[in-house]
Amino acid sequence: MNRPLRSNLKPGTALWAARRAQWRALGISEADMAKPKIAVVNTSSELASCFSHLDGIAVEVKRQIREAGGLPFEIRTAAPSDFITSAGRYGAYILPTRDLIAADIEVQVEGALLDGMVCLASCDKTLPGQLMAAGRINIPTIVVICGYQRSGSYKGEHVDIEEVFLKAGYLASGQITLEDLSGMADVAVQGPGVCAGMGTANSMHAVCEALGMTLPGSAPVEANSPAMLAFARASSRRIVQMVQEDLKPRDIMTAGAIRNAVMMVLALSGSINCVKHLQAIAHEAEVEVDVYGLFSELADKIPLLAAVRPNGDTLIEELDAAGGARGVMKRLQSVLDLSARSVSGGTIGEALKEAPEPDRKVIRTIEEPLSRRASINIVRGSLLPGGGIVRLGGVGERKVKFTGSAKLYHSRDEALAAIAAGDVVAGDVVILRGLGVIGGPGMALTSAVVFALDGAGLIDDVAMITEGQLSGLVNKGLIVGEASPEAAAGGPLAFVENGDRITIDVPAKVVDLHVPAEEMERRRSHPQQFGAQNLKGWLRTYQHAVQPVHKGAVLD
């Protein structure tokens, strides 16, 4: 190692002496203390199957780092799972944990002045948090995609966690029995890893490859498969070289790379959560880019190339076999920034030259796509000047225009009870407010309301606007998610009343409230409070520091 390492403190200083004493007590040799010191960022947890395999991967990663001439240090962070951590406070802990992960990495890696990071990426918020930390502290970093879970079958039909999540909303209407729902849940997940669909986790894994922050060909991949383990080993060796080369995240996550990532989300109709995560990553990497503006600009230019569940019938395993994220990029190469760099050491263009042609049956071409309808749509207007997001992925018919009457609810349970009681009827625009990043805080999980509308047979006859978070698996109905600015921040949503007429026009990218200006002025003179009050702990800290969702919901 010729390049000076920041981790090698000046001999004779108090910090050097204290570190030497600590590390010698750990059995670290004199020779090892001079090597590149690599953080192995592990979000292991026994709470969810998403993370249950990471400890085994960490062991192999550390072994490979040692063999490559580095000194690994495993560090742990929080490990949120949408299906487990969402039980408390209506899912309010989910999004704030992303920023907690970023801060946790910063504290441990910057505090110890380590030289590089290998991040083990799994469930929805872990990868965004890791990439935010990488952009913030800007030391050589490589991401290991730790894979998707295997699915099962029930009564002769394929079943995965997405199907279980959806069918839970059918229970109240009697379209499924508790016995069948339990039976599906018992077999849906057949191994470790993330949800087996184009939810937020697999969407962000593909985004990571488009950003150049994981080795080409890494995503998606089956958890604990030979391919995944091969990428983990190669990444562990590569990080030591990256430290020697001083190849940093801000050299890789440029404006061009983020533009490439936006195209990836559009081509796959990825989760709407990718929008705010990419904006947050850009913020931390100090890249001056308007991600919402990019989605709006590119939505009509980048067609749908692959329809992975829930967007269509394609399984994540089939996308993997057809060429994965690299195959999608191969199809997009005429419009990508091919000069963007990769952790491999080369450019995206160089990586794509070596990529095999993807399977045309699964990954279509730009000239002959599955659909030219914009898959991720940013809508703005008098109701949501900051914007909202409509996902219209897939190839079936979808409602894209709606005018109806506002029906207001202030919690997930309140809305679910109203649907069960028949209070929501055709022509309503269901609005869930007080549940955004400030009001929730952290965007309360509202996907169950969408599934209940579907189960009640109303999904095509109503529209919905929510400040809360939607699972990346939501892909039915005319649903405006991540509405901004939220009611708790004094946005126009705070002054909507039951019965107000609202228009959503996706092709026109509009969501408008039809209330005269003088009436809105009268309502504004009587402000109300929305969202959770008198919080304690981490959620209180988050509530007081978080920025609007259209700014990435980063902390200030």
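**View 1. Strands β8 and β12 side by side.** Strand β8 (residues 387–391) and strand β12 (residues 478–484) run antiparallel and are joined by two bridges. Pairing here takes at least two DSSP bridges between the strands. Helices (H or I, at least four residues) and strands (E, at least two) are DSSP runs, counted from the N terminus. Look for Gly-387, whose bridge partner in β12 is Ser-484. A word on the model: it's predicted, so local features need pLDDT of at least 70 and side-chain atom pairs pLDDT 80 or more, while totals for chains, interfaces and linings use all residues. Numbering starts from 1 along each chain as its sequence is written, and side-chain values use heavy atoms, with hydrogens and water left out.

View 2. Eight strands line up in the order β7-β8-β12-β11-β10-β9-β13-β14, with mixed pairing. The edges belong to β7 (376–379) and β14 (510–514); each has a single partner strand, so one side of each has no neighbour in the sheet. On average, neighbouring strands are turned by 30° against each other, direction ignored. Helix α12 (residues 291–298) lies across β7, β8 and β12, at about 115° to β7. Axes are lines fitted to C-alpha atoms (for helices, over the stretch in contact), and angles run from 0 to 180 degrees between N-to-C directions.

**View 3. Helix α4 packed on helix α7.** Here α4 (residues 126–137) meets α7 (residues 200–211) at an angle of about 30°, with axes 9 Å apart. That makes the two roughly parallel (under 35 degrees; over 145 is roughly antiparallel, 65 to 115 roughly perpendicular, and the rest oblique). α4 passes α7 in a left-handed crossing, meaning the near helix is turned anticlockwise from the far one by less than a right angle; clockwise would be right-handed. Leu-127, Pro-128 and Leu-131 of α4 touch Met-204, His-205, Cys-208 and Leu-211 of α7, where contact is heavy atoms within 4.5 Å. By class, that's six nonpolar, one polar and no charged residues. Ala, Val, Leu, Ile, Met, Phe, Trp, Tyr, Cys and Pro count as nonpolar, Asp, Glu, Lys and Arg as charged, and the others, Gly among them, as polar.

**View 4. Helix α7 again, now with helix α14.** α7 and α14 (residues 324–332) pack at about 55°, axes 9 Å apart, so they are oblique to each other. Their crossing is right-handed. Ala-206, Glu-209 and Ala-210 of α7 meet Ala-325, Arg-326 and Met-329 of α14. This contact has four nonpolar, no polar and two charged residues.
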